[in-house]
Amino acid sequence: MKRFTLGATGLTLALAMTTTLASAQSLRVTVAEYSAKTGPYFEEAAEAFEQANPDADVQIEVVPWDVLLQKLTTDISGGANADLSIIGTRWLIDFVSEGIAAPLDEYMDEDFRGRFFDVFLSPSVMDGQTYGLPVAASARAMYYNKDLLEQAGIDGPPQTWDELAEAAPKISALGDDIAGFGMQGKEIETDVYFYYAFWAYGGDLVEEDGTSGLDTEAGYQAAETYKSLIDAGATQPGVTAYNREDVQNLFKQGKVGMMITAPFLSSQIAEEAPDLDYGVTAIPAGPDGDRGTYGVTDSIIMFENSQNKELAWEFLDFIFTTEWRAKFTEGEGFLPVNPEVAAMPAFADNADLKEFTALLPDARFAPVIAGWEEIAGITSDALQTIYLGEGEIQPTLDAAAAEINEILDQ
Amino acid sequence: MQRTAPLAPYALVMPGFLLAAFIVLWPLYQLGVISTSEVNRFGQLRGFAGLENYVAVFTDPDFIGALWRTLIWTFGIVFGALAVSFPVAMILHEDFYGRGVARVIVMLPWAVSITMTAIVWRWALNGESGMLNSGLKNLNIIDTNIQWLAQAATAFPVQIMIGILVTVPFTVTIFLGGLSSISGDLYEAARLEGSSPLQTFRKITFPLMRPFVNIAVVLNTIYVFNSFPIIWATTQGGPANSTDILVTYLYKLGFRFGKLGEASALSLMMFALLLAFTILYVYLASREVRE
């Protein structure tokens, strides 16, 4: 008898649970793991959101950057994608043209739009519709090691690529394990590291006639500049063995005089090498004064097939409030995408960040082209061939441009 | 009664067969469909494409390079591991003090995931702060740091060496099983006849180990041919695709460049290649046994 009662209670309990589950609206959010702080941040935000919306059940899926696109591809092809996801804004065109990302304009009012800097929101706008909200923003500037520059007798960081080419060998001469200019030659953004010089020499990734700009004077000159730095021993040896993190590690160890990277290196230095005496300055200019900095945003998108769009929007509205934005931006070391966050003392009084924000008017974003990742891959391969000395500059870049033009034609 | 009996074996095999078919044949069918379709970046089918995807893969110069390297990679690791494992297994088969510990040490790398091993090697191979360079410098073998992963000429051999290292424990296990199956009487008889150790090896050990060598070759070929983590964790197939094998190239094609149709075509080709090799090898091996 006793057993029966227990069983009955269990059954009632199970039934009760089923009903609560059914009434709860679940929301799945895929987020990219920028650092160890990303997961806990979103979990905390989800919990706070659930407290304000007792019916909501938010599941956060944290995915490492390297496999994010793979996961999204697999999820989408199986029809098992989340409701919201962070993506690289350079992929957005593919999501929009296949009808996977939902336009957000019907939910947005002027007030909401006003929460963002226009320069960061605009890359997510396509054909007059907003398809994503900038969740992370970053730009690039040049970090330099003040001690090394001083020892080499250089006053102040180089302002042009010519000055840099002169300064770098002097720094390299300071020691066997010291390199003047830290050069990335491996893995993600190998192409971007080249664009810094390419843009300074007046290049455009896609010319006005819709073809690749690699096979222009700007491309040849920028490649020549880098190749001569390598040949002169002004970079770390074996650049094709160094990805961005590897070069950043050398910089933190005080073994690299100058390198170009994103604001997050500042927060890493503050934690890992607080004694390093460094400065941040603009990326060197070309002969005509052109400077190109790279602006990158990641966007959070809503999927067209989401069953809970209203709830998904409420969650977006929630995490884009100033309080949560400030927490995220400070934790990850990104640039503030919201004017209100930028005005907070933690950001407004940060000298490193100021250098980055000052560069934004010049910032260029990855062009909006379907198949951008493949173009980046072809470019990186061509550059590695040149850096290794396995191909002459002009023919290698011409061949890469021809390959890219085929993709651009489609 | 006798006539109905043969049904039983099939009935008993059926559940296992269905499970295997579900796991193997269903994805194969899916790959077949995707590879003959126009597919968008997200794997959604957009129409029939015939053999276009196959032609696209065949005419890609990177495919030929990766195919060639896959052969070197597979051959190098399978036979490298064989050459290392045979003597190691024979030593571990001998009775000596501390054999148990020695066996554990040889098997230990097996317990670590290949990805972790590869990542540790990536650190060890780092040009400026890697253990390998600093070790070689301390031994006065080199003066300046070697950038192991900067070019294929050094990166690919090192990757094959890591591949051999992680393949040895499994191969040794197979060989140890084989060695313990050879009856001690044979060796005793050989000793009485005055056979030298080399003769004993050539006339007794090696011929009787043949089936085990065959198993090791077939299984290792299947594992190594499709082995992704070592190359991906160290060079991602770079610089400029110079260390790509088919499976890393496949990953780039499918998940970086979003050409899922071509990627499906390539993976079917890889499957066919591997199947053909295995059938051929098993056929040759069984013919040898009959002779």
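A polar contact here is a pair of N or O atoms within 3.5 Å; within protein, one atom must be able to donate a hydrogen and the other to accept it, and residues adjacent in sequence count only if both atoms are side-chain atoms. Keep that rule at hand, and let us walk through the model. The structure is a predicted model, in which local features need pLDDT of at least 70 and side-chain atom pairs count only at pLDDT 80 or more, while totals for chains, interfaces and linings use all residues. Residues are numbered from 1 along each chain as its sequence is written, chains are lettered from A and ligands numbered from 1 in the order in which they are written, and side-chain values use heavy atoms, with hydrogens and water left out.

Let us begin with chain B. Chain B has 12 helices and 2 strands; helices (H or I, at least four residues) and strands (E, at least two) are DSSP runs, numbered from the N terminus. Read from the N terminus on, its elements follow the order α-β-β-α-α-α-α-α-α-α-α-α-α-α. The C-alpha trace of chain B spans about 80 × 75 × 30 Å along its principal axes. Of the 291 residues in chain B, 43% are buried, where buried means under 20% relative accessible area, exposed over 50%, and partly exposed in between (1.4 Å probe, protein chains only). Contacts, meaning heavy atoms within 4.5 Å, can also be sorted by sequence separation: among those in chain B with a separation of 6 or more, 65% join residues 24 or more positions apart.

For a view of the inside, look at B:Thr74 in helix H3 (residues 61-93) of chain B. B:Thr74 is classed as buried because its relative accessibility is 8%. Its side chain reaches the backbone oxygen of B:Thr70 at 2.6 Å. Leaving aside residues up to four places away in sequence, B:Thr74 touches B:Thr221, B:Val224 and B:Phe225.

Now to the outside. Chain B has an accessible surface of about 16200 Å², and carbon and sulfur atoms hold 71% of that; such areas come from the Shrake-Rupley method with a 1.4 Å probe, and for residues only the protein chains shown count as cover. On this surface, B:Leu19, B:Phe22, B:Ile23, B:Val24, B:Leu25, B:Trp26 and B:Tyr29 form a nonpolar patch, with about 790 Å² of accessible area together. Patches are made of residues with over 30% relative accessible area and no salt bridge, with like charges joined within 9 Å and nonpolar side chains (Val, Leu, Ile, Met, Phe, Trp, Tyr) within 5 Å. One member, B:Val24, sits in helix H1 (residues 7-35) of chain B, and B:Val24 counts as partly exposed because its relative accessibility is 42%.

Next, where do chain B and chain A meet? In this interface, 26 residues of chain B are in contact with 30 residues of chain A. The area buried between the two chains is about 2500 Å², 53% of it from carbon and sulfur atoms; buried area is the accessible area (1.4 Å probe) that two parts lose on being put together, summed over both. B:Phe42, B:Glu128 and B:Phe255 supply 27% of the area that chain B buries against chain A, more than any other three residues. Across the interface of chain B and chain A there are 11 residue pairs in polar contact, both residues at pLDDT 80 or more. Helix H11 (residues 246-256) of chain B gives the largest share of the side that touches chain A, 3 residues.

Charge pairs come next. Side chains of opposite charge can pair when their charged atoms come close. A salt bridge is a side-chain nitrogen of Lys or Arg within 4 Å of a carboxyl oxygen of Asp or Glu. The whole structure has 23 salt bridges over all chains, and the count between chain B and chain A is 5. B:Arg122 forms one with A:Asp246 (3.7 Å, N to O) and one with A:Glu187 (3.1 Å, N to O). The latter pair crosses from the loop between strand S8 (179-181) and helix H9 (190-200) of chain A, which holds A:Glu187, to helix H5 (residues 114-124) of chain B, which holds B:Arg122. A:Glu187 is buried, at a relative accessible area of 16%, and B:Arg122 counts as buried at 16% relative accessibility.

Finally, chain A has salt bridges of its own. A:Glu272 and A:Lys252 meet at 3.0 Å, N to O. A:Glu272 lies in helix H12 (residues 264-272) of chain A and A:Lys252 in helix H11 (residues 244-252) of chain A, so this pair ties together parts that are 20 residues apart in sequence. A:Glu272 counts as exposed at 51% relative accessibility, whereas A:Lys252 counts as buried at 12%. A:Arg28, A:Glu61, A:Lys71 and A:Asp75 are linked in a network of salt bridges.
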